Amino acid sequence: MASNSSEISTDKTTKEKESVKEKEALTGGPSKIHRSGSRPQLDLSKAAIHGNFEDRNPTILLPNQSDDISHLALDIGGSLIKLVYFSRHAESLTDDSRKKSLSRKFGITNGNWRNYPILGGRLHFVKFETSKLNECLDFISSKQLHCGGIDSPMWRGTPQSDNTLIKATGGGAFKYADVFRERLGVSLEKEDEMGCLVAGANFLLKAIRHEAFTHMDGQKEFIQIDQNDLFPYLLVNIGSGVSIIKVDGFGKFQRVSGTNVGGGTYWGLGRLLTKCNSFDELLELSQKGDNSQLDMLVGDIYGGLDYTKIGLSASTIASSFGRTISENKELSDYRPEDISLSLLRMISYNIGQISYLNALRYGLKKIFFGGFFIRGHAYTMDTISFAVNFWSKGEAQAMFLRHEGFLGAVGAFMSYEKHGLDDLRAHQLVERFPMGAPIVGGKIHGPPLGNLNEKISWMEKFVQKGTEITAPVPMASPGTTGMGGFDRPSARGNILRSDASAALNIGVLHLVPTLEVFPLLRNPNMYEPNTIDLSHSELEYWFTVLSEHLPDLVDKAVASEGGTDDAKRRGDAFARAFSAHLARLMEEPAAYGKFGLADLLELREECLREFQFVDAYITIKQRENEASLAVLPDLLMELDSMNEEDRLLTLVEGVLAANIFDWGSRACVDLYHKGTIIEIYRMSRKKMRRPWRVDDFDTFKMKMLTDKKQQPYKRALMFVDNSGADIVLGMLPLARELLRRGTEVVLVANSLPALNDVTANEIPGIVAEAAKHCDTLRRAAEAGGLLLDAMASIEDESKATTVSVPLMVVENGCGSPCIDFRQVSSELAEAAKEADLIILEGMGRALHTNLNARFKCDALKLAMIKNQRLAEKLFGGNIYDCICRFEPTD
C-alpha cells in the first residue's frame with residue numbers, strides 16, 4: 001500500500017547496464033546469457049525458427065535449452081492479486097519449401113527474422129481478490145503456471161526444481177511467501193513495487209497502440225502517444241493507497257508524493273457503512289446513488305443560489321457528507337447507494353486535485369492514472385478528469401490506461417528480462433479481444449453453452465473476477481448538475497454506466513515478433529487503415545449487416561465441418577457469442593479499445609476460429625477454383641489475340657468483374673442464385689465498361705505502355721482478395737501480363753482464412769493448375785519456387801534456355817478481409833523493400849481500409865463496390881460501381 005511518505009529516489013543505472021550487456025549478448029556475443037545462480041539461463045545455441053505455412057506466429061525452438069523459463073508474475077496487493085502469465089503458441093516442425101525459397105530470394109536467414117529470443121505466444125491477464133488467495137493458488141496449480149505451463153518439461157513428468165522462483169511484487173509478496181512455498185513449492189522473488197509500476201506503464205505506453213485514453217462526460221477517447229514525447233509524465237497509481245510518481249524515462253523515476261486516502265479507504269469505509277461484501281458490489285451501489293442526500297452543496301449554504309463571485313455553482317459540493325451534520329438521522333436512515341456515491345466522489349475528487357497540484361509543481365501536463373481502484377469505472381474516471389480539468393483550467397488532462405490494474409504485474413513479468421519484452425514494439429503485439437459469449441445485461445444471450453466450455457477455451461480470453469466473468473451494466477442517459485469544486489454532469493451516479501465489465505475490456509496480447517510495419521508506407525505515424533469511422537449510426541448499420549449475414553455464415557461453417565452434431569453445437573455457440581459481442585459494442589463502442597470496421601470484421605473471424613471453425617468457406621472455395629480454372633485457357637487465348645492497349649484495359653476490367661464474387665456481401669450472395677459462376681462472371685464483364693466511378697486507367701496505361709525501352713516496374717506486390725474467379729480470372733491474368741513485361745510479381749494473400757478470401761497456402765496449388773495451360777506462369781512459378789513439387793512431372797524442353805522473372809507468394813500476416821499495414825509479416829516486409837508497384841484489390845483492402853493510404857511507390861487500387869451505403873458515402877455512387885484509382889509517386 002502506498003503512503004504519503006517522504007520523497008524516494010530510485011537509481012536504475014546498474015539495471016540499465018545489465019540490460020545493455022544482455023542485448024549485446026543476444027545480438028553478437030556468446031550464445032548463452034549468464035545470470036546469477038538463482039536465475040534460469042537461456043541457451044540460444046542452434047536456435048531456429050520453426051512453423052508451418054499457416055502459422056502466423058512462428059516460434060523459436062531452443063534445442064539445447066535445459067532450464068525452464070518461468071511464465072508467471074504476480075502483483076499481490078492488499079485488495080487484489082494480479083497475474084500476468086505467458087503461454088506459448090504450438091510448435092510445429094513442418095518443412096515449407098516455399099518459405100525456404102523465399103528466404104533465399106530475399107536473403108533472409110533465421111537470424112534475420114528476430115535477434116532476440118522471445119517466443120511467439122500469448123500474454124494473459126487475470127485477477128483475484130486477495131481474500132480469495134486459495135482460488136488464485138488453485139488457478140496457478142491447475143494450469144501449472146509455476147512450472148512453466150502445461151507445455152513445459154515439468155508438466156510432462158520432469159521433476160520440479162527445489163529452487164523454482166516466481167517474480168512477484170506488492171506487499172503480499174512478503175506476506176504470503178510462505179503460503180506459496182507450502183502450497184506450490186515455489187519461492188517468490190520480490191521485485192521493487194515502484195520500479196515494477198513504472199516499468200509496466202512504460203512498456204504498455206510504448207507497445208500498445210491505444211493503451212491510453214481520456215474520459216470526460218462519459219465519453220472515452222483514445223490517445224496516440226508520441227514515443228518521442230512520452231517523458232516526463234506523472235504516474236498516479238491508485239491502489240489501497242495512492243503513489244504519485246514522476247517518470248523521466250526508462251528506469252528513471254521518483255516517487256514525489258502520495259496519500260493514504262485511496263481504494264482501500266473507499267472499500268474500508270464503504271464496507272463499514274454499507275455492509276457490502278465486495279469492492280465491485282460497492283461500486284455497483286454507487287450507480288443508483290444521489291450524493292446530494294449526504295453532501296453539503298454550495299446551494300445549501302446560499303439558499304439555493306450560486307456563489308458567482310468565486311465561480312461556484314449551487315450544485316458544487318461544499319463539504320462531503322456535510323449535510324449529515326444538520327440532520328437528526330442515524331446511519332440506517334441513509335441509503336447505502338447514496339453513501340457509496342458520496343464516498344466515491346470524495347475520494348476520486350481528492351485524488352484528482354492532489355495529482356494536478358503535483359503536476360503543477362513539476363510543470364507536467366501528462367497525468368496517467370492506474371490501479372485497480374479505477375477498474376474502468378466510468379463515473380470514477382469522469383470525477384478524476386473533471387477535477388484535473390477544473391483546477392488546471394483545461395491546461396492538463398487526466399489519461400487512463402486500459403491495463404490499469406496490471407502495471408505492477410507486467411513490470412514484474414518484464415523483470416525476468418529473458419523474455420525480451422523490452423525490445424517489443426506496437427507492431428509486434430496483437431490484442432485479441434474476448435471471443436466467447438460475454439454476459440450482457442446480466443445473462444448470456446441464448447441457451448446455456450453446456451459442455452462446450454470443455455472444448456472451447458473462451459473463458460481464457462477474459463480477465464476474470466475470480467472464476468466468473470463480470471457482467472456489464474446498461475448505460476442510461478446523462479443529466480446535468482455539478483460536483484466537488486466545479487460543474488459536471490449530474491449529481492446522480494446512475495447516469496454513467498459503471499464499467500464493472502472492465503474485465504472484458506482487456507484481451508489477450510499475442511506476441512508476434514515477426515510482424516513489422518510495412519516499409520512502403522509514406523507516413524507510418526499518420527497512417528489510419530480504417531476509411532470510415534464507426535459513429536453510432538455507422539455501428540448500427542454494420543451491426544445489422546453482420547447480423548443478417550450471420551445465419552448464412554453459420555450454415556457454411558457447420559457444413560465445412562461435415563455438418564456433425566458437434567459442429568452444429570459449436571455453430572450455435574459461435575452465433576450466440578458473436579451476437580453478444582455486437583450487443584456489447586452497441587452498448588459501448590470503445591469497450592474493446594479503438595474499433596473500426598476492419599476490427600469489427602476481424603472480430604468475426606477470430607470468433608469463428610475460437611469456436612474451432614478453421615475455414616468456413618473451404619468447400620465453396622474449392623468448387624469456385626475448379627470452375628474458374630476450367631475456363632482460364634479460353635480467357636488467356638482471348639487476351640493473347642488483342643493488341644497490348646486493349647489487353648491492358650480488358651485485364652483491368654477482368655479484375656473488377658471478377659471481384660463481384662464476395663461471400664461477405666449480401667447483394668453478391670443473392671447473385672449466386674441467378675446462374676453459375678462462369679455465367680455471372682461473363683455477365684459482370686459485359687457490364688464492366690468505362691467510365692468507372694473512379695477512373696485513373698489512362699494514367700496507369702501511360703505508365704505501363706508509353707516508354708517501351710524502360711521496364712516500368714521491377715517488382716509488383718499484388719494484394720489478392722477472393723478465391724475462384726477473383727484470383728483465377730482476375731488477378732492471375734494481370735500478374736501474367738506484368739511477368740511478360742519483366743516485372744517480378746509477388747502475390748500477397750492472407751495467412752489465415754477469412755470468408756472466401758484466398759490464403760497464401762492455397763495459391764501454389766491454384767498456380768500449379770493454371771501453369772498447365774501457360775508457359776509464362778509455369779516458368780515464373782518455377783523461378784519463384786512455387787512448383788518445386790507440383791510440376792515435377794511436366795516436361796519443359798525450354799527450361800534450360802529460358803530465364804524468367806519469378807512469380808512468388810507471401811502471406812500478409814493476418815486473417816481478416818481487411819489489412820492493417822502497421823502489422824504485416826516479416827516476409828512481406830522483406831518483399832516490399834524492392835517493390836515499386838502495389839496493387840490493392842477488393843473492398844476490404846482497397847475501400848474499407850487503405851483507400852486513403854499513401855505509399856512510397858506507385859499504387860493501383862481496384863475494387864467493385866458491393867454495398868449501396870458504402871458507395872453513397874464514399875463516392876456518391878451506386879452498388880456495383882467500380883474504382884480504378886492510380887496513385888503515382890511522382
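The model is predicted, so local features need pLDDT of at least 70 and side-chain atom pairs count only at pLDDT 80 or more, while totals for chains, interfaces and linings use all residues. Residues are numbered from 1 along each chain as its sequence is written, and side-chain values use heavy atoms, with hydrogens and water left out.

**Overall make-up**

- The protein has 28 helices and 32 strands; helices (H or I, at least four residues) and strands (E, at least two) are DSSP runs, numbered from the N terminus.
- Of its 890 residues, 61% count as buried. Buried means under 20% relative accessible area, exposed means over 50%, and partly exposed lies in between, with a 1.4 Å probe and protein chains only.
- Among contacts (heavy atoms within 4.5 Å) between residues at least 6 apart in sequence, 75% join residues at least 24 apart.

**Backbone**

- Most residues other than glycine have a negative phi, and most peptide bonds are trans.
- Phe 231 and Pro 232 are joined by a cis peptide bond, with omega about -5°. Pro 232 sits in the loop between strand E10 (219-223) and strand E11 (233-238).
- Asp 217 is not a glycine, yet its phi is positive, at about 55°. This residue belongs to the loop between strand E9 (212-216) and E10. Asp 217 counts as partly exposed because its relative accessibility is 39%.
- Leu 755, also not a glycine, has a positive phi of about 50°. The loop that holds Leu 755 runs between strand E27 (744-749) and helix H24 (763-771). With 7% relative accessibility, Leu 755 counts as buried.

**Cysteines**

- A disulfide is a covalent bond between the sulfur atoms of two cysteines. Here the term is applied to a pair of cysteine sulfur atoms within 2.5 Å.
- A search of the whole structure finds 0 disulfides.
- For Cys 814, the closest cysteine sulfur is that of Cys 818, at 8.5 Å, which is too far for a bond. Cys 814 is buried, with a relative accessible area of 9%.
- Cys 276 counts as buried, because its relative accessibility is 2%.
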